Amino acid sequence: NEYISEITKYIRENYAEDITLAGLSRKFGISESALSRKFKQEVGIGLWEFITQVRIFNAETVLMQKDISITEAARLCGFSDSNYFSVKFKQMYGVSPKAFQRTRK
């Protein structure tokens, strides 16, 4: 679906911003419920899971290239809560962001 492709592209390009279902719905002219349903149908995962994955994948790069705190890395990747960021990062990579950062320096 073309608008789902546009939405995924928008998320990949703007992952550090405050992305909301309501905002995406307005921007792309589709109801929130239809957006959620179509997104999961087309992409295979929920919208919030996709956004989190995009942010975590980008966090890997941030943690490898910069000597910054975990809180700052979380913020740069669109997370308002560094604890949530750490939990999600560890779920994806099997190590904490700090441990990941130490092994990449």
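Colleague: Is phenylalanine 79 buried or exposed?
Modeller: Keep in mind that this is a predicted model. Residues count as buried under 20% relative accessible area. Phenylalanine 79 has a relative accessible area of 7%, so it ends up on the list of the buried.

Colleague: And tyrosine 84, is that buried, exposed or partly exposed?
Modeller: Anything between the buried limit of under 20% and the exposed limit of over 50% is called partly exposed. Tyrosine 84 has a relative accessible area of 39%, so the label is partly exposed.

Colleague: What kind of aromatic pair do phenylalanine 79 and tyrosine 84 form?
Modeller: Planes under 30 degrees apart count as stacked and those over 60 as edge-to-face, with the rest called tilted. The rings of phenylalanine 79 and tyrosine 84 are 6.1 Å apart, centre to centre, with 50° between the planes, and that makes the pair tilted.

Colleague: Which residues form one aromatic cluster?
Modeller: The count of aromatic pairs comes to 8. Phenylalanine 79 has a tilted pairing with tyrosine 84, and another tilted one with phenylalanine 85. The one cluster consists of Phe79, Tyr84, Phe85, Phe89, Tyr93 and Phe100.

Colleague: Which residue lies over the face of phenylalanine 79?
Modeller: For a charge to sit over a ring, it has to be within 6 Å of the ring centre. At 5.9 Å from the centre of the phenylalanine 79 ring, we find arginine 55.

Colleague: Why do the buried residues of α2 line one face of the helix?
Modeller: The buried residues in α2 are Leu21, Leu24 and Ser25. Look down the axis of α2 and these residues fall within an arc of 100°, so they line one face. Here's the general idea: an α-helix has 3.6 residues a turn, so residues three or four places apart point the same way. For α2, the value to remember is that arc of 100°.

Colleague: What covers the buried residues of α2?
Modeller: Arg26 and Lys27 are exposed on the other side of α2, so to speak of cover we look to the buried side, with Leu21, Leu24 and Ser25. The cover there includes α1, α3 and α4.

Colleague: Which glycine follows α3?
Modeller: After α2 comes glycine 29, with a positive phi near 65°. The residue after α3 has a positive phi as well, near 95°, and it's glycine 44.

Colleague: Isoleucine 45 is in the loop between α3 and α4. Which residues is it in contact with, leaving aside neighbours within four places?
Modeller: Isoleucine 45 has a relative accessible area of 18%, so it counts as buried. Its contacts beyond those neighbours are Phe39, Lys40, Phe50 and Gln53.

Colleague: Which element gives the largest share of the largest nonpolar core?
Modeller: That core has 29 residues, and Ile11 and Phe85 have the most contacts inside it. Two or more residues come from each of α1, α2, α3, α4, α5 (70-76) and α6 (82-93). The largest share, 8 residues, comes from α4.

Colleague: Last one: how many helices are there in the protein chain?
Modeller: Buried residues make up 34% of the 105 residues. From the N terminus on, the elements run α-α-α-α-α-α-α. There are 0 strands, and the number of helices is 7.

Conventions: Residues numbered from 1 in each chain as written. Predicted model: local features only at pLDDT ≥ 70, side-chain atom pairs only at ≥ 80, totals over all residues. Heavy atoms only, no water. Helix = DSSP H or I, 4+ residues; strand = E, 2+ residues; numbered from the N terminus. Core = buried A, V, L, I, M, F, W, Y, C linked by side-chain atoms within 4.5 Å. Buried < 20%, exposed > 50% of the residue type's maximum accessible area, 1.4 Å probe, protein only. Contact = heavy atoms within 4.5 Å. Phe/Tyr/Trp six-rings, centres within 6.5 Å; stacked < 30°, edge-to-face > 60°. Lys NZ or Arg CZ within 6 Å of the ring centre and 35° of its normal. Arc of directions from axis to C-beta.
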